[in-house]
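The sequence and the model come first.

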Amino acid sequence: MKTRNYAIVALAALLLASCQKEEASYDASGVFETTDVIVSAKGAGEIMALNVEEGQDVTAGTQLGYIDSKQLELQRNQAQASKSQAEASKTQTMATKDATSSKKIDVSAQVASYEQQIANLTREHDRYEALYRDNAATKKQVDDIDYQIKTLRKQIAAVRDQYSTSNTSIDKQGAAYDAQVQGINAQESQIDAQVAQINDKIKNYAITSPITGTILNKYAEAGEYASPGRALFKVADVTKMILRAYITADQLTRVKIGQRVKVYADQGTSGRKQLAGTITWISSKAEFTPKTIQTRDERANLVYAIKIAVSNPSGLIKRGMYADVKF
């Protein structure tokens with residue numbers, strides 16, 4: 001009987017020594033975690049749909065639900081109706097301007113007729129003046145032609161003055177119409193900006209995930225009221241895990257950012273699986289050893305946290321799982 005007890009004690013001692021040897025073969029231990037993103041509502045209103053469930057895989061940018069945006073759509077319709085009215089007003093104003101501009105009178109044809117008569121009379125004036133010098137015509141004949149030329153020139157000046165005043169008035173009306181069109185264009189630009197703002201707000205009422213990942217928690221349901229900033233769900237990319245481990249001060253000089261390390265993740269009855277990891281962050285401040293973490297040196301009270309990036313395409317690693325690290 002004593003021999004059997006001795007054998008049991010010896011076996012226990014052997015197993016304890018084996019466990020201590022295995023534990024001592026690792027440089028650090030830690031827990032897997034992910035970078036979580038809490039997706040919040042960007043608008044206020046009733047949640048009309050929220051098609052997500054915990055554990056569901058989602059793709060970045062895919063619409064997962066939406067918040068009621070009826071009031072915004074009505075505002076957009078009103079703004080678009082105002083723009084239609086502005087466009088109709090601009091079309092009418094431009095048509096009125098064209099009709100007014102068509103009333104401008106071109107005096108060049110009428111003036112050309114008077115100038116042709118003046119040219120003819122000038123030739124007659126020169127001929128009669130030559131005859132008058134030869135005593136073949138009278139002075140009155142020359143003066144009559146000269147008077148006709150002066151009369152025609154006054155008529156040309158009167159015509160130009162009359163129609164210039166009329167055309168100037170038409171030009172002023174045209175300038176006023178141009179000013180109206182510019183004002184309508186400014187109004188249309190303002191409405192376009194307003195519609196763009198409303199469209200941006202409506203876009204924010206669509207619920208999407210900013211990253212491709214897995215839904216971890218769902219905080220709201222369809223039919224509930226959402227206000228800006230209210231959390232709707234939590235999502236994380238579980239294909240990229242982070243192992244937060246802790247090292248002692250004497251190990252700090254053995255690690256650096258970018259260093260490749262070996263990570264041994266617990267696989268239950270299947271044993272431990274070796275994975276490749278990369279140190280991405282090293283804390284610059286020491287902290288007391290977390291109760292859930294065992295360090296290589298049990299006497300260490302102050303440790304430094306490090307983060308190790310581990311690829312998890314197969315999804316075998318879960319949040320909260322323990323793992324050991326070998327530098």
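Are Tyr26 and Tyr264 buried or exposed? In this predicted model, Tyr26 is buried, and Tyr264 is buried as well.

**Aromatic rings**

The structure holds one aromatic pair. Tyr26 and Tyr264 form this pair, which is tilted, with 5.2 Å centre to centre and 55 degrees between the planes. Tyr26 belongs to the loop between α1 (2–24) and β1, while Tyr264 is in strand β11, so the pair ties together parts that are 238 residues apart in sequence. Elsewhere, Lys307 places its charged end over the ring of Trp281, 5.2 Å from the ring centre.

**Nonpolar cores**

The largest nonpolar core has 20 residues, and those touching the most other members are Phe32, Leu243, Val263, Ile308, Val310 and Val325.

A second, separate core of 19 residues includes Ile47, Ile198, Phe233 and Val235. Beyond its neighbours within four places in sequence, Val325 is in contact with residues including Tyr26, Leu243, Val261 and Ile308.

**An open sheet**

Four strands form an open sheet in the order β6-β5-β3-β8, with antiparallel pairing. The edges are β6 (206–208) and β8 (225–226); each has a single partner strand, so one side of each is left without a neighbour in the sheet. Strand β3 (residues 45–50) pairs with β8 over two bridges in the antiparallel sense, and Gly45 stands opposite Ala226 in β8.

Technical notes:
Residues are numbered from 1 along each chain as its sequence is written. This is a predicted model: local features need pLDDT of at least 70, side-chain atom pairs count only at pLDDT 80 or more; totals for chains, interfaces and linings use all residues. Side-chain values use heavy atoms; hydrogens and water are left out. A nonpolar core is a set of buried Ala, Val, Leu, Ile, Met, Phe, Trp, Tyr and Cys residues joined through side-chain atoms within 4.5 Å. Buried means under 20% relative accessible area, exposed over 50%, partly exposed in between (1.4 Å probe, protein chains only). Contact means heavy atoms within 4.5 Å. Rings of Phe, Tyr and Trp (its six-membered ring) pair if their centres lie within 6.5 Å; planes under 30 degrees apart count as stacked, over 60 as edge-to-face and the rest as tilted. A charge sits over a ring if NZ of Lys or CZ of Arg is within 6 Å of the ring centre and within 35 degrees of the ring normal. Two strands pair if DSSP finds at least two bridges between them.
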